[in-house]
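I opened this notebook to keep track of what I looked up, item by item.

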Amino acid sequence: MADTPIAFIDLAAQQARLKDDIDRRIAAVLAHGRYILGPEVAEFETALADFCGARHAVACSNGTDALSMALRAWGIGPGDAVFVPSFTFIATAEAVSLVGATPVFVDVERDSFNLDTASLSSAIDSTTDLRPRAVIPVDLFGLPAGHKAIATIAARHDLLILDDAAQGFGGRLDGRAVGTFGHATSTSFFPAKPLGCYGDGGAVLTDDADLADRLRSIRVHGKGNNKYDNVRIGLNARLDTMQAAILLSKLSIFADELEARQRVAARYTDALAHSAVTPPMVPPGAWSAWAQYTILTDRRDDLVAACQARGVPTQIYYPIPMHRQTGYRHYPQAPQGCPNADWLAERAISLPMHPYLSEADQDRVIDAIRAVGASNAL
Ligand SMILES: *Cc1c(COP(=O)(O)O)cnc(C)c1O
């Protein structure tokens, strides 16, 4: 029993819960046959916008395209600087490069893993050869970034804010849902994200009706009102009807799953409070979507080995910060560099986290971590 591997993310448990509903919805799509932008897509967009309180949701092909579509819709391109945290998934910076703009890497905070506003300010001030246009805060591991402080800085410098909520959709900050911060929010429905489909998918959320119209044009080759007059350069970046049908089912239990994630996270944090590792910090007023439960340790290799021996999977997000990646290290960064991103890349490790993690399995994870014992305090 002790050796049965634990799932890092258990999509099978969720599927067992939703199987009948998902089968029914897939059968409905097969029956009507409108596989591209069928009725489920618009129905899902409405449900998604309602879930977070945004006015508009534009579903699309994946979270990376969601980011680049928003930047493209704003006309951001060559000569423009877009400020992104260095400690994130590659897609955040990639989307900036894909529209021809320049990502400028900003450091993060050691305790929240999210954008450091002092580093953001100095990065903006030191950007002289490019036009500062936008900032992409990331709600890393599900925790909302410091959106209030970021909005103040962005307003001072006339920057657009695109919240990368690929991991953070479902989170809240001071009673406000992720999806309503910034001028637009992007998210991803990659299967392992808190709200995932059975393939690739993404969305942009915004209160800006003009922006939503432009996004709907961009996701279908830049279409205009006349089908054969394309009014701008676009993409083929639609969400499949089949995935929208699956997402409608998953969204119906998403709030309940977020509560379950909250319980799992609280139980980890209680159990690890007096251990040798540092549990994740949640600032007052913040409510994480708990895409990942990520701890800090200065004995990461030992911890990985202890977990492996007990059938406990772990993941390292992210071993190399953006400003050190081969394809990205030539881009500019904050004047003081990104030392906290470097520091986290050596110490962060993510534990099994999903809404269906049993207490017995969670205890095995906790025992494995405790087995590594005390070390230098962080
Ligand atoms: C997953 C992820 C993305 C990209 O989403 P895809 O749907 O895989 O393209 C972007 N940003 C962050 C922070 C992510 O975790």
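I noted the source next. This is a predicted model, in which local features need pLDDT of at least 70 and side-chain atom pairs count only at pLDDT 80 or more, while totals for chains, interfaces and linings use all residues. Residues are numbered from 1 along each chain as its sequence is written, and side-chain values use heavy atoms, with hydrogens and water left out.

**Entry 1: the shell.** How many residues surround the ligand? I counted 14, and the closest are Gly63, Thr64, Asp164, Ser188 and Lys193. By class I listed four nonpolar, eight polar and two charged residues in the shell. Asp, Glu, Lys and Arg count as charged, Ala, Val, Leu, Ile, Met, Phe, Trp, Tyr, Cys and Pro as nonpolar, and the others, Gly among them, as polar. Helix 3 (63-73) and helix 4 (91-98) each give the shell at least two residues. Helices (H or I, at least four residues) and strands (E, at least two) are DSSP runs, numbered from the N terminus.

**Entry 2: polar atoms at the ligand.** Asp164 has a polar side-chain atom 2.7 Å from a nitrogen atom of the ligand. For Gln167, the polar side-chain atom is 2.8 Å from an oxygen atom of the ligand, and for Ser188 the distance to a ligand oxygen atom is 2.6 Å. The ligand taken alone exposes 380 Å², and the protein buries 93% of that. Accessible areas come from the Shrake-Rupley method with a 1.4 Å probe.

**Entry 3: positive phi.** I then checked two residues other than glycine. Phe141 has a positive phi near 60° and is in the loop between strand 4 (131-135) and helix 6 (147-156). Asp174 has a positive phi of about 50° and lies in the loop between strand 6 (172-173) and strand 7 (176-177). Asp174, at 54%, is exposed.

**Entry 4: a cis bond.** I found a cis peptide bond between Tyr317 and Tyr318, with omega about 0°. Tyr318 is in the loop between helix 10 (300-309) and helix 11 (339-347). Tyr318 counts as buried because its relative accessibility is 11%. Arg329 is eleven residues from Tyr318 along the chain, and their C-alpha atoms are separated by 15 Å.

Entry 5: Thr206 lies in strand 9 (residues 202-206) and is buried at 3% relative accessible area. A polar atom of the Thr206 side chain is 2.8 Å from the backbone oxygen of His183. Glu40 is in helix 2 (residues 39-52) and counts as buried at 10%. Between Glu40 and Ala245 I noted 205 residues in sequence and 5.6 Å in space, C-alpha to C-alpha.

Methods
Near = heavy atom within 4 Å. Polar contact = N/O pair within 3.5 Å; in protein donor to acceptor, adjacent residues only side chain to side chain. Buried < 20%, exposed > 50% of the residue type's maximum accessible area, 1.4 Å probe, protein only.
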